[in-house]
Amino acid sequence: MLEELFQNVYAKFQLHFYREIFTRFQNREASLTTVECFAMQAIQALGSPTVNEFAHFMRISPPNAAYKVNSLVKKGYARKVQSQSDKREYHLEVTQKYLDYYDISYSYVKAVSERIKKRFSPEDLERFTEMLGVIGDELMPEVDIARVEA
């Protein structure tokens, strides 16, 4: 039962995002491929990784990662920012163009969060928030976005 409910919520977030993407780009060509969209979501979640950190996390070769990143930079969704501490190193950042694109997903998360706040008591909300924190911090060790190792 828990698995089915969790999968249902996850699927609804995904489907809402996909529907909005298709609706907004129905009359024009989408400028991000599906794989590029996934790559951008990873870059944003990793919080300014280097190309090597991105490659390591995604389990792809550094040359393959560099190729994908260069395409994203060329399209204006990502930028490379030179490290202040090591001038040979560049960190990846998302651009406003991507943030505008990503807002399709984030705005729905925000709307659902507001509905949760209105629907549940402060005690239930506090417990739910605590549970989400435990799920993200402890129960999903395979996806540790706080610690990216190259």
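Below are my notes, going from the overall layout to the individual rings.

**Layout.** First thing to write down: I am looking at a predicted model. I counted the elements and got 6 helices and 2 strands in the chain. Read from the N terminus, they run α-α-α-α-β-β-α-α. I boxed the C-alpha atoms along the principal axes and got roughly 50 × 40 × 25 Å. Then I checked burial: of the 150 residues in the chain, 22% are buried. I also looked at how far the contacts reach along the sequence. Among those with a separation of 6 or more, 54% are between residues 24 or more positions apart.

**Core.** Which residues have the most contacts inside the largest nonpolar core? I found Met40, Ile43, Phe54, Leu72, Tyr98 and Tyr101, in a core of 22 residues. I then traced where the core comes from: α1, α2 (34–46), α3 (51–58), α4 (62–75), β2 (90–94) and α5 each put in at least two residues. The biggest contribution is from α2, which gives 6 residues.

**α2 against α4.** Given that share, I looked at the packing of α2 next. Its axis is 11 Å from that of α4, and the two helices pack at about 90 degrees. That angle makes α2 roughly perpendicular to α4. On the α2 side I listed Val35, Glu36, Ala39, Met40 and Ile43 in the contact. On the α4 side I have Lys68, Ser71, Leu72 and Lys75. Met40, Ile43 and Leu72 were already on my core list.

**α2 against α5.** The axes come within 11 Å and cross at roughly 105 degrees, so α2 and α5 are roughly perpendicular to each other. Here Cys37, Met40, Gln41 and Gln44 of α2 meet Tyr98, Leu99, Tyr101 and Tyr102 of α5. I note that Met40 of α2 turns up in the contact with α4 and again in the one with α5.

**Tyrosine 98.** Tyrosine 98 touches Leu32, Met40, Gln41, Gln44 and Tyr77.

**Aromatic pair.** How many aromatic pairs does a search of the whole structure find? It finds 1. The partners are phenylalanine 13 and tyrosine 108, 5.6 Å centre to centre with 70 degrees between the planes, which is edge-to-face. I placed phenylalanine 13 in helix α1 (residues 2–24) and tyrosine 108 in helix α5 (residues 96–119), so the pair links distant parts of the chain, 95 residues apart.

**Histidine 16.** I stayed in helix α1, where histidine 16 also sits. With a relative accessible area of 13%, histidine 16 is buried. Beyond its neighbours within four places, histidine 16 is in contact with Ile104 and Tyr108.

**Charges over rings.** Lysine 97 lies over the face of tyrosine 77, 4.7 Å from the ring centre. Arginine 119 has its charged end over the ring of phenylalanine 120, at 5.0 Å from the centre.

Notes: Residues numbered from 1 in each chain as written. Predicted model: local features only at pLDDT ≥ 70, side-chain atom pairs only at ≥ 80, totals over all residues. Heavy atoms only, no water. Phe/Tyr/Trp six-rings, centres within 6.5 Å; stacked < 30°, edge-to-face > 60°. Helix = DSSP H or I, 4+ residues; strand = E, 2+ residues; numbered from the N terminus. Lys NZ or Arg CZ within 6 Å of the ring centre and 35° of its normal. Core = buried A, V, L, I, M, F, W, Y, C linked by side-chain atoms within 4.5 Å. Buried < 20%, exposed > 50% of the residue type's maximum accessible area, 1.4 Å probe, protein only. Contact = heavy atoms within 4.5 Å. Axes fitted to C-alpha atoms, helices over the stretch in contact; angles between N-to-C directions. Parallel < 35°, antiparallel > 145°, perpendicular 65-115°, else oblique.
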